[in-house]
Amino acid sequence: MKRVVVVGGGAAGMMAAYACASQGHTVYLLEKNEKLGKKVYITGKGRCNLTNDCDVEDLFKAILRNPKFLYSAIYTFDNYQVQRFFEENGCPVKVERGGRVFPVSDHASDVIRALENALKNLGVKIFLHSKVVGIETENNAIKGVRFQKDHREQELPAEAVILCTGGRSYPSTGSTGDGHAFADSLGHTIKPLTPSLVPFVTKETFVKDVMGLALKNVQATITDASGKKLYDEFGELLFTHFGVSGPLMLSASAKVNDAIAKGPLSLKLNLKPALSKEQLDKRLLREFDENPNRQFKNAVSGLFPGKLTPVMVKLSGINPDKKVNEITKSMREAFVELIQSMPLTLIGLRGFEEAIVTKGGVDVKQVNPSTMESKLIHGLFFAGELLDVDAYTGGFNLQIAWSTGYLAGLNVE
Ligand SMILES: Cc1cc2nc3c(=O)[nH]c(=O)nc-3n(C[C@H](O)[C@H](O)[C@H](O)COP(=O)(O)OP(=O)(O)OC[C@H]3O[C@@H](n4cnc5c(N)ncnc54)[C@H](O)[C@@H]3O)c2cc1C
């Protein structure tokens, strides 16, 4: 039996430590924070969307980068096994809209408690306030780690190390990219790290006037400078003080994060996607005919949620006080076009501080997909967001962490 150090007590690290200890190994779990799973606490707005109840095959469709690399990991510990694991460890789960799985209690803390109990039952030695500062190797094989605890640097010899230090998003939770530096220093390629599932910044500053406004069912179409369509989906959008967010735009960020690095992108919002142009025009005409002496700004107020009306009126270029019987057919048609193609310019993404995940990471070509072991350093394993894998929202990123952590822990031998 081996002495194994798991670096990072997040989702992947806790699961890796569990799987490894269940094989009978002596496992040390080193976490630099004062507690385990600091990021897990804030997932799913504190409720922890811990996986998705979809068919296993559909998990891969939700994974954006390197889904094939994850085949073994996911089939070894799939989304149903994850649910069973939590049920069996005192955290019953429920399925909500879109297959999202949450603890019945709606408390992420129960997910962490289940893992902590499982780790304690297996005798995993948990070291908190313990920041790993180096990985020791000899002849391309693991020798141990160096870590700081109580301002003192200590060595911990080990025959295997499972690196689970996460990505770089929400660095306040401890995910500051330490593992990428270790992997890099041991000869691994790190695919460029960029924020993903992150809000956009827009050129237009009027978004500030509607900040906090959520539009439930809009269509977002994003094109690049050459007119190539990069994203076209329906969903919920949220205006923020600097741009646009909400599930629709977070998903968009995961699709266009390379393109936006090259230059601004055009976003067209269809605010009335359920209506054809003709239907929308008829509706406007009806409003106008019923009250021909009404001012334009008042006549269209029923079309939009409160704060959006003045913005749309301004964008239309039509005098807000104009009587609707003075509005020409072409002005009306241009307004219909504006409602179904509201233009915004996406000029960038917000930073890692606001990103749900990190795109990029340890190049999966240098990792054995059946074991999660490095192909360069014997006894070095990787799991979780540190790897160049990421997925949409819906519980898929945690599923990746559980599956890769489990597979790595299982394969230390
Ligand atoms: C706001 C928010 C909400 C989210 N909601 C969801 C959701 O509902 N569902 C979902 O599937 N995904 C969600 N995610 C994504 C998900 O949380 C991550 O993908 C997942 O936590 C990654 O797990 P990990 O173990 O790889 O990394 P992390 O959870 O980031 O854990 C890494 C751990 O390593 C520790 N560490 C780092 N360096 C060192 C070091 N040198 N020494 C010791 N310890 C170290 C860190 O302190 C940290 O605890 C959310 C993310 C955010 C930011």
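Figure 1. A polar backbone atom of Val132 lies 3.0 Å from a nitrogen atom of the ligand. An N or O atom in the side chain of Asp178 is 2.8 Å from a nitrogen atom of the ligand. On the Glu31 side chain, a polar atom is placed 2.7 Å from an oxygen atom of the ligand. A polar contact is a pair of N or O atoms within 3.5 Å. The protein buries 96% of the 1000 Å² that the ligand exposes when taken alone, with accessible areas from the Shrake-Rupley method and a 1.4 Å probe. The model is predicted, with local features requiring pLDDT of at least 70 and side-chain atom pairs pLDDT 80 or more, whereas totals for chains, interfaces and linings use all residues. Residues are numbered from 1 along each chain as its sequence is written, and side-chain values use heavy atoms, without hydrogens and water.

**Figure 2. The shell of residues around the ligand.** Around the ligand are 35 residues, of which Glu31, Ser175, Asp178, Glu385 and Leu398 come nearest; a residue is near if one of its heavy atoms lies within 4 Å of the ligand. By class, the shell has 14 nonpolar, 15 polar and six charged residues; Asp, Glu, Lys and Arg count as charged, and Gly is among the polar residues. Helix H1 (11-21), helix H2 (38-42), strand E8 (131-138) and helix H13 (396-410) each contribute at least two shell residues. The largest share, four residues, comes from H13. Helices (H or I, at least four residues) and strands (E, at least two) are DSSP runs, numbered from the N terminus.

**Figure 3. The boundary between domain 1 and domain 2.** The protein chain is divided into domain 1 (3-195 + 352-410) and domain 2 (199-350), with bounds from an automatic or database domain assignment. Their C-alpha centres lie 40 Å apart. Eight residues of domain 1 are in contact with nine residues of domain 2, contact meaning heavy atoms within 4.5 Å. Between the two domains about 820 Å² is buried, 47% of it from carbon and sulfur atoms. Pro195, Glu354 and Tyr392 lose the most area on the domain 1 side, together 55% of what that side buries. Buried area is the accessible area (1.4 Å probe) that two parts lose on being put together, summed over both.

Conventions: Polar contact = N/O pair within 3.5 Å; in protein donor to acceptor, adjacent residues only side chain to side chain.
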